[in-house]
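Please find below my notes on the model you sent. They are meant to be read with the coordinates open.

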Amino acid sequence: MRGSGALLGAAGLAGFLALCEAVPRLGVVDADYFPPAARVGDALLTELGDRSFWTALGDTLTGWALGLSIAVTAGVLAGVVIAVVPHLRELTASTVEFLRPIPSVALIPLAVLLYGTALRSVLLLVVYAAFWQVLVQVLYGVRDVDPVAEETARSYGLGTWARGRYVLWPTALPYVMTGVRLAASVALILAVTAELVIGAPGLGARIAVAQTSQAVPEMYALIVVTGLLGLLVNVGARTVERRALAWHQSVRGEVTV
Amino acid sequence: MLDVRGLRKVYEASGRHVEAVRDLTFTVGAGELVCLVGPSGCGKTTLLKCVGGLLAPTAGEVLLRGRRVTGPPPGLAFVFQEYGRSLFPWMRVGENVELPLRQKGLPRSRRRELVAGALRSVGLSDASGAYPWQLSGGMQQRVAIARALAYEPDVLLMDEPFAAVDAQTRADLEDLVRGLWRQRGITILFVTHDIDEAVYLGERVVVLSASPTVVREELKVDLPDPRDQLTTRVEPRFAELRTRVYRQIQAAKRSAEPGPRGAVEKDTDAPADQAPSAT
Amino acid sequence: MSRALLRLSYALALPAVLMAVWWLASADSTNVYWPPLRTVLKTFPDVWTPGRLRADVVPSLLRLAGGYLTAAVVGVALGTVIGSYRRVRSVCEPVMEFLRAVPPPVLVPVIMLFAGIGDTMKVLVIASGCVWPVLLNTVEGVRAVDPVLAETARSYGVRGVARLKDLVLPSASPQIFAGLRQALSVGIILMVISEMFAASDGLGFTVVQFQRGFALPEMWTGILVLGLLGFLLSVLFQVVERRALGWYHGRRAVGRRPGGRS
């Protein structure tokens, strides 16, 4: 069944590519705006042979990875502090709810003024957007702690540290992983966006250059690259999540059996 | 009213055959209350789903009033064991009961009347505006029963409806079913794994073997009517019947081929469109 | 009463402290990039006059609404079809995974090719970015209809439109709303970006104009307006969601209560 699913998926992908080839060739849309898949493929191969493409890819990945690491570290730390220190949760709730939905792109003008096209511009946007994803998930996770488990731990005289280690952390871990997964894709979106809009070096800036110089197939090729990158990030994050949680569940299974 | 003839059901998945039901033949007369009882995992749910037209049998047939069942027939209502999952949580109790009636295309005034009547019959007149999840388990199962009643079925299929409620609620619900059956003259096919319940409720008890299922014995329950939780259950005749069914079931369990029982049990509960290998 | 007071003071304490810190820290600021909060707040009413709200905020909101609603309708409709048929799902899955993974802002240059730089472009950009979270969540939600509920509906002859309206869509609605929520934040981002790229009005355009003209207090008010807008839209969304999913939250609360039914 799994096999037939993969087969259908491959067929779907092939159909999609064929459609992208046929639509401009048949003149349904203008081939200047939407080049056939083969021409985009050619452009992609040319890009892959270009050293500056790899530099741009490296820039984008650097901004993404650095921003994500900062956001995850800060998010987890902030979340745990808020959860552990009494009353901090109630005190911060309204502020978190206010700051979280603020679109990080609102900070673009500020980033441009402060850092110009430097990496720090990208980091500002990436960290701001990804931080809230992690923090909110950590807070959800902490809230999900089973009151019975908490009471049990207390009644056996476990201290704050031990309760954090054996009750809080295992409960919150799945949420933390979800937060990291969401943050990873948001971070990529913001990294590319910052490059595209601000002009910080990276794939986004390369797309902007291709656009202004009317290099349409190259532009599509670069967009395909960002899509593949996003796909890799999603799949990778999901795999890491599943691994981490499989370990987590098997440990719990052993305890309960 | 209801004829089951040579029913057989084999689940097939990735080259593996699991025979849940081998060969079942029995009938239920109009207005009769028949209990099917068998060891756990004996394919009772499979059987009931075939009767209700939710599953297509591999061989044999089910006839309702002489007509062959190929899909869920009108005039037949189903009460599932999982009350928590068979009521629509986004609809209030009244809407839940009304849903099948809207499907029947009844006018609004008639629907109102039927909903109110059904809820009154199960003692839940006040709960019409509540959401199912605001009610206790027993009350939720009453709502499911009310929904079946409002549908005005000729035949009511009940799949271990009281397996998941506590003992006291269960006794109340048993009496409720007996009462409704006497009042409304519906034909009821009631599946249970509880021997006492089968004997207490049924006019007739059909004892099934372990999977692959066949009929081991049919026996008439000649207990007086109306039945009563206190007096009926202490009658010597009740004890006799109970013992007899119990022996049959024990024998059924012993004679069952040693096999992957767990797997078989899961298979029989698998939803119609899902292959057993999924578990 | 005193409990409500306590809650209120909890909610207001930190924001008040933060504002105070900002106010004091920036009070004597001579750094042009960080104008004193006093100046920013004083500039605010001068910049965001009713006329400007009409000229810049309203067009932005209309574009957002147009794109977002289009995405919601298309996403739910397509997602319902794809989620209902296993084969269709298998065929579409890899392509959808790829298209979803494309960072939505890179769609701006593509759609500019087709639709120029007018309102159509912006609405299309917003719609094509918002549609994926809605679509994929709808597929998941539709797929996960409880089998017992599905059999109940079948045994009572609920099919066709009624099945969709009374079973499939309500059962998928918590997932659909999760998708709509994600789509909302994507939508706001795209609204701002598409206006920064090419526009003659709108919030994104105005803020970038201020930045380019080194009108820094004005730029700060623009950032505040964008933040406020994001916050207000999220509150509005929550109100709608609480309404629509009252049953879902109620049931979860019952399940969560110690000793409650699961």
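Predicted model: local features only at pLDDT ≥ 70, side-chain atom pairs only at ≥ 80, totals over all residues.

1. For chain A the mean pLDDT is 86, and 95% of the residues in that chain reach 70 or more. Residues 249–257 of chain A are an exception to keep in mind, as the pLDDT there is below 50. Beyond near neighbours in sequence, that stretch has 1 contact in the model.

2. Chains A and C. On the chain C side 43 residues take part, and they are in contact with 45 residues of chain A. Six elements are named as giving two or more residues to the side of chain C that touches chain A: H1 (2–27), H4 (86–101), H5 (107–115), H8 (161–197), H9 (203–212) and H10 (216–244), each of them a helix of chain C. The most comes from H4(C), with 10 residues. Sorted by class, this side of chain C has 34 nonpolar residues, 6 polar and 3 charged.

3. Chains B and C. Here 22 residues of chain B and 19 residues of chain C make up the contact. On the side of chain B that touches chain C, helix H2 (83–86) and helix H3 (93–104) of chain B each supply at least two residues. That side of chain B consists, by class, of 14 nonpolar, 6 polar and 2 charged residues.

4. Overall form of chain C. The chain has 11 helices and 0 strands. Its radius of gyration is 23 Å, whereas the globule rule gives 18 Å for 262 residues; chain C is therefore more spread out than a compact globule. Along the principal axes, the C-alpha atoms of chain C fill a box of roughly 75 × 60 × 30 Å. Of the 262 residues in chain C, 43% are buried. Among contacts in chain C with a separation of 6 or more, 70% are between residues 24 or more positions apart.

5. Helix H6 of chain C. This helix covers residues 119–143, and its 25 residues should span 36 Å at 1.5 Å a residue; the end C-alpha atoms are 36 Å apart, so the two values agree. H6(C) does bend, by about 30 degrees at Val131(C). A proline, Pro133(C), follows within four residues of that position. Is H6(C) largely enclosed or left open by the rest of the structure? It is largely enclosed, because 21 of its 25 residues are buried.

6. Ala71 of chain A. Ala71(A) is found in helix H3 (residues 51–84) of chain A. Is Ala71(A) buried or exposed? Ala71(A) has 27 other C-beta atoms within 10 Å, and a residue counts as buried at 20 or more, so Ala71(A) is buried. Leaving out residues up to four places away in sequence, Ala71(A) touches Val127(A), Ala130(A), Phe131(A), Val134(A), Ala183(A) and Ala187(A). The C-alpha atoms of Ala71(A) and Gln133(A) are separated by 8.9 Å, although these residues are 62 residues apart along the chain.

How values were computed:
Residues numbered from 1 in each chain as written. Chains lettered and ligands numbered in written order. Contact = placed C-beta atoms within 7 Å. Nonpolar A, V, L, I, M, F, W, Y, C, P; charged D, E, K, R; others polar. pLDDT = per-residue confidence, 0-100. Rg over C-alpha atoms; globule rule 2.2 N^0.38 Å. Buried ≥ 20, exposed ≤ 12 C-beta atoms within 10 Å, placed from the backbone. Expected span 1.5 Å × (residues − 1). Bend = angle between axes of the 7 residues up to and from the residue.
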